[in-house]
Each structure stands twice: as structure tokens, then as C-alpha cells.
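Hi everyone, thanks for making time.

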Amino acid sequence: MKTIKQLFESVLKRVYGHVKYQLFFTYMLVGIITLTTLGGVLLYVFTRDLTEKNFLYVEQLNNQILLNLESNLSDIQQDSFFINYDRDLYSIIKATSQNTALFNSDYVASYRNIDNYFFNMLQRRRQIWGYSIYTLDGEVLYSISRYPERLVDKQVNNEPWFIEAVEQRGRPITRGRHEIKYSGGGSKSVISIVRAMVGFEDNTIFGVIVVDEDIEYIAKIIENIKIGDSKGIVIIADSHGALVYSNSDKEYAKVSSYEGYKQNVLLNTNISYTLGTGNDRVHMIQSISEQTGWKVITCIDHNELVKDSALARNIIITFMLICLAITYVISAFVSSQATKPLIHMKELMLEVEKGDFNVQVPVHGHNEISSLEKGFNSMITKIRQLIQKEYQEKLLRNEAELNLLQAQINPHFLYNTLGSIKSMARSENASITAKMIQTLSRIFRYSLGSMGITVSIREEIEYIKDYLLLQQYRFQDKISASYDLDESALDEQILVMCLQPIVENAIIHGLMQKNGNGHIHIVLQHDNDYTKLLIIDDGIGMDDDVMNKINAELQNADSQNLNLGLYVKNNKIGMLNVNYRIKYKFGKQYGLIIGKNDGAGITVEISLPRNSGEVGSI
């Protein structure tokens, strides 16, 4: 059994004996140092700043709530102001207030005017619960609310809020949360704006207006206020410390029972303080409104602050990841020195994949990597030699194939033409024979002078016209021809002698097999992508199976499956040769295709690229 010393020596041996263990050792060392240093600093800074940040955040929330409350109360005070100084309403209320007994009898019209006025006010401000007007004796002169029952009559002239409103002589006062009761047994929690009604002419007080706001609207102002992961306890108290609203009656009862709560809530200043002891402590942040004297008090349970310290652990983990990243950078730097030659070889291999075989890796040192560099250079040299050899062989093979294909057309055509001249010489005078020989010489000059190049379609068409002229001499005008040529396409390029084998096939296998005269129609047209030549005959046509087989061979043309013996036997060598030459020169998407005509005969369509390049070798 190994001792601790032997085990430690074994670990050190593995660490110093392999690069990967050296990197791991560096990673662990840097990680431990970084975590120890940054973790301690982080925990100290977080603990110090956590309480300050939470309190600052809560103060900002309190100020926002106060702004919303002040805006809301200002709207209600503005309503009470307009009510007090509405001249029509003033006249009606003052008249009825002098004789309340007439209010329900002789002043029905006046009552309706007042009712309509306040009904519209209720509809305009949805947070308003109701309006009430009291005489100076404290009796209800008029009331309207969203509750269907009538307000319970009550003598209020001895109530502190009523006395204060009269003393303020038209200045609004705010009455904190209270219950209003109705004759049907219902009740509603509201806050109120109270204002004495002062006459215009004599500046005398003739009544008191009370505007009640639904306490639920206050709840909407502070809803969704959250401290940490749970809802904070928010208390709104009036200038006398009385409760206006709390989002938790249970928690409010608990907090208000703490020693020192009442003393602090009566202080007209912004203050932070702690109530309770131990884990039962509550941190209070109090903000006061300069406009109304109301206070917004947010209570944070001490356990919530402690729970927030879990954020410290998350931040430590974040910094652990940072330490790992730092270690990774260091490890990457160390490993890059060893792997730099390998990366360079990888980049050169990508260049080889793109076709550049002229790359060489500089050889450094005498280690395993230098052996790889030498092997890489040797491999590239051998591949380059093999490719050059294969490329040269392929060029020779393709050149031989094209020469063979080109040569297969001319003897066949020459044989038929000379046979025609021989026949005509026996039956015609020398002038006709001379014309045929002249036409034939032009054909030979064209075919021999243009061997292996592309020519314009205009030149190819002129050649075909000479060829058809000879055929008309031969067959005594049994064959006619017509042309529909797009002038803008005549300068496009085509391989030399592409049309002659197709026209020859149309004559021999189509027109000459039918009774009567035959006609060939040649059409040239083009669109955005293709130039198309159509050779249309009205001969005997072609069987569907044969046409489909030939189209399949045309579509899959390849120099490796040009079975010349088979094609000669089927009399299709010229058409297949032309198709292969076009595909070899311009691409597999171009070439020949055969289709049936609606009447009789077939159409051979040759597709070529637009702007197919200047004349040059194929």
C-alpha cells in the first residue's frame, strides 16, 4: 500500500511528465488564488452595501407612491373647488339650505339639477365613491354615491373633521380612512376631501362639501410593490398617524403593536428605524408628503434582508466563472505555443481542400510535431504529382474523344453529298452540277475552317441554308425550308456544325419516309436565361418509347457511355454527339430534347446559354 509521500510523488511525476497535467495544475492554482481573493472582497462589499441599496430603493418607491397619491388628491381637491364655486349650484344649495323642508317638495327641479350635476361627476372620475353636502348644523343636505342605498343621516357638526373644515374656511382638508354606512346595512371604506362652502357675495360659510374616494383606488396605487421575492408591507398614514391604507391588515396589526411605532409615525420627517428584536425585527422606511402630511411607510422583514444575502453566493459563483475564464486564457496561451504548428498545418490543409497544392509547412525543431510537418510536406508533394499526372491523362483522353466525335460527322455527310452530286451529274447539265459543287465547297470551307470552335448562330444558319440547298437539288425540291429568326439572338455563340446532324436526321428519318413533300422550319428565340433553336419537321414522327429512350440518353449524356456502335446502328450518332459537345462546352443544363408536334413530325429543341462567350476553342 502506497504511503502519502509516495502518492504525492506519483502525482507530481504525472503533473510534470505530461503537458495536460501541467495545464490542469496551472488552472487549479490560478482558480484557488482568484476565488480566495475576490470571494473575500466580494462578500465584504456586498454585505456593506446591501442594506443601503435596499433602503435607497424603498425610498424611491415611497416617493413614487407619494407622487401618485398627491396627484390623486389634487384631482379630488380640484373637484371640490369647482363644486364650491359653481354659481348655479351655489344658488340652489344656498336657497335650499335656508329651508331644508322645501328641499323634497317645492324644490324638486332644483334637486334634479343637483342630482344630474353630481351624477356626471361620478361618471367622469371612476375613483370617486360619492359626494355629500352638509348644512352648518351638521345635517345631510344632499348625498349621492355608487351604493344603491341612502346615506344614514347623522349629526356631524361635532366631528373633529367637520369643525376643522369650517375653521379652514374653504381650504381643503383630508380625512383619513373611515367607514360610511347606508340605510340598507351596507358600508364602505373611503378617504375624503372636506371643504367648507363659502358664499360669493358675503363670504359667509353656508355648508360643507365632502368628496369620498374608494379606498380600493389607493390599493391600485401601491399594488405590485415588491421587496425582494415577497411583497413588502406598505402602510399609508395620515398627518395624525391614523391608518389610511395597508396592503395587509394582519401585518399592520403586528407592526403597529411594536413599541416605538406610534412615536415614529407621528414624526413629520423622513426617517428609517427598526422595530422588534432578534429575527422578529422589522426595518421601517418612512417618507412624508409635504403637500398633505401623509406618510408612506414600507416595512422590510429582517429575514428578507438576510435572504437577500444569498445574492452574495450567486455573485461569488459569477466571479468563480470569471476566474475560470482567466485560467482558460492562461491555459490557452500556454497550449497555443505547443499547438501553433498544428494550427498552421490545419490552415494549410484548408487551402489544399480548396485546390491549392503549392503549400509547404516550415519545419521547426526535431520533435514529434516536426515529424508531422515533414510528413505533411511529403504527402502534399505526392498528391500534387498524382493530380498533375491524372489531369494530363484526362486532357489527352477528352481531346481524343472530341476529335473522334467531330470526325464521325464529316465522312457520313461527305458520302451522302457526293452521292447526290453523282446522281445529279447523270441527269443534269454541267451548270447545275457547278452550282452544287460551289455550294459544297462553301460547306467544306466552313466545316474545315471552323473545326473545334464556337461560331455565331448567324454563321451556322448560313451553313444550314447551303446544306438544305444541296438537299433540295438532290431531292428535286421535295424538301422546303422556312426560318423564324430573332435578329437579336443571331450573334449568340453555338458550337460549329450543331444543326447539320439534326437537319440531316429530320430529312432521312422523317421527311423521306413520308409520301409527298416535306418541310423543315427553323426557329431562333431567346429569353433572360436561354437561347433556343427549334428544328421542326412534318415527317413521319417517332414512336413514344423510342423518343423517351433517346431523351433519357440525351439527358444523361456522358463521354464514358457514348456507345458509338449502338448509336451508329440506331442512326442517332449525330444528334447524341451534338448533345454531348454542348453539355461538355456549356454545362449539363443545356443540350437537346425531342418532342412531338401537334400535327405531324417532331421538334428538336437546342438550348444554349445567353451571351455564351466569344468565339474560342471548346
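Let me start with a question: does Asp75 count as buried, partly exposed or exposed? The answer is partly exposed, because Asp75 has a relative accessibility of 26%, and the terms work like this: buried is under 20% relative accessible area, exposed is over 50%, and partly exposed is in between, with a 1.4 Å probe and protein chains only.

Quick housekeeping before I go on. This is a predicted model, so local features need pLDDT of at least 70 and side-chain atom pairs count only at pLDDT 80 or more, while totals for chains, interfaces and linings use all residues. Residues are numbered from 1 along each chain as its sequence is written, and side-chain values use heavy atoms, with hydrogens and water left out.

Okay, salt bridges. Side chains of opposite charge can pair when their charged atoms come close. The rule here is a side-chain nitrogen of Lys or Arg within 4 Å of a carboxyl oxygen of Asp or Glu, and by that rule we get eight salt bridges. I'll show you a few.

Asp75 is in one of them: its side chain meets that of Arg125, at 3.9 Å from N to O. Those two sit 50 residues apart, with Asp75 in helix 2 (residues 19–84) and Arg125 in the loop between helix 4 (108–124) and strand 1 (128–134). When I say helix or strand, I mean DSSP runs numbered from the N terminus: H or I with at least four residues for helices, E with at least two for strands.

Next, the side chains of Arg458 and Asp491 form a salt bridge at 3.3 Å, N to O. Here the link runs from helix 13 (residues 457–474), where Arg458 sits, to the loop between strand 14 (479–485) and strand 15 (493–495), where we find Asp491, 33 residues apart. Arg458 is partly exposed at 37%, and Asp491 is exposed at 54%.

Then there's Glu492, whose partner is Arg610, with the closest N and O atoms 3.6 Å apart. That pair is 118 residues apart: Glu492 is in the loop between strand 14 and strand 15, and Arg610 is in the segment after strand 19 (602–609). Glu492 is buried, at 7%, while Arg610 counts as partly exposed at 25%.

Now for some strands. How many residues of strand 5 (residues 205–214) are buried? Ten of the ten, so strand 5 is largely enclosed by the rest of the structure. Strand 5 runs antiparallel to strand 4 (residues 187–198), with nine bridges joining them, and Val198 stands opposite Ile205. Strand 1 also pairs with strand 5, antiparallel over six bridges, and there Tyr131 has Val211 as its bridge partner.

Strand 12 (residues 295–301) is another covered one, with six of its seven residues buried. Strand 11 (residues 282–288) joins it through seven bridges, running antiparallel, and Gln286 stands opposite Ile297. In that hairpin there are six residues between the strands, and Gly293 takes a positive phi near 80°. Strand 8 (residues 233–237) pairs with strand 12 too, antiparallel over five bridges, with Ala237 and Lys295 as bridge partners.

On to the inside. A nonpolar core is a set of buried Ala, Val, Leu, Ile, Met, Phe, Trp, Tyr and Cys residues joined through side-chain atoms within 4.5 Å. The largest one has 47 residues, and Leu592 is among those touching the most other members. Helix 13 gives the most to this core, seven residues. With contact meaning heavy atoms within 4.5 Å, and leaving out residues up to four places away in sequence, Leu592 touches a set including Ile502, Met575, Ile582 and Ile606. A separate core has 33 residues, among them Ile65 and Tyr142.

Last stop, the outside. Leu38, Phe319, Ile322, Ile326, Ile330, Phe333 and Val334 form a nonpolar surface patch with about 550 Å² of accessible area together. Patch members need over 30% relative accessible area and no salt bridge, with like charges joined within 9 Å and nonpolar side chains (Val, Leu, Ile, Met, Phe, Trp, Tyr) within 5 Å; the areas come from the Shrake-Rupley method with a 1.4 Å probe, counting only the protein chains shown as cover for residues. Helix 10 (residues 310–353) supplies the largest share, six residues. Val334 lies in helix 10, and Val334 is partly exposed at 40%.

Terms used
Two strands pair if DSSP finds at least two bridges between them.
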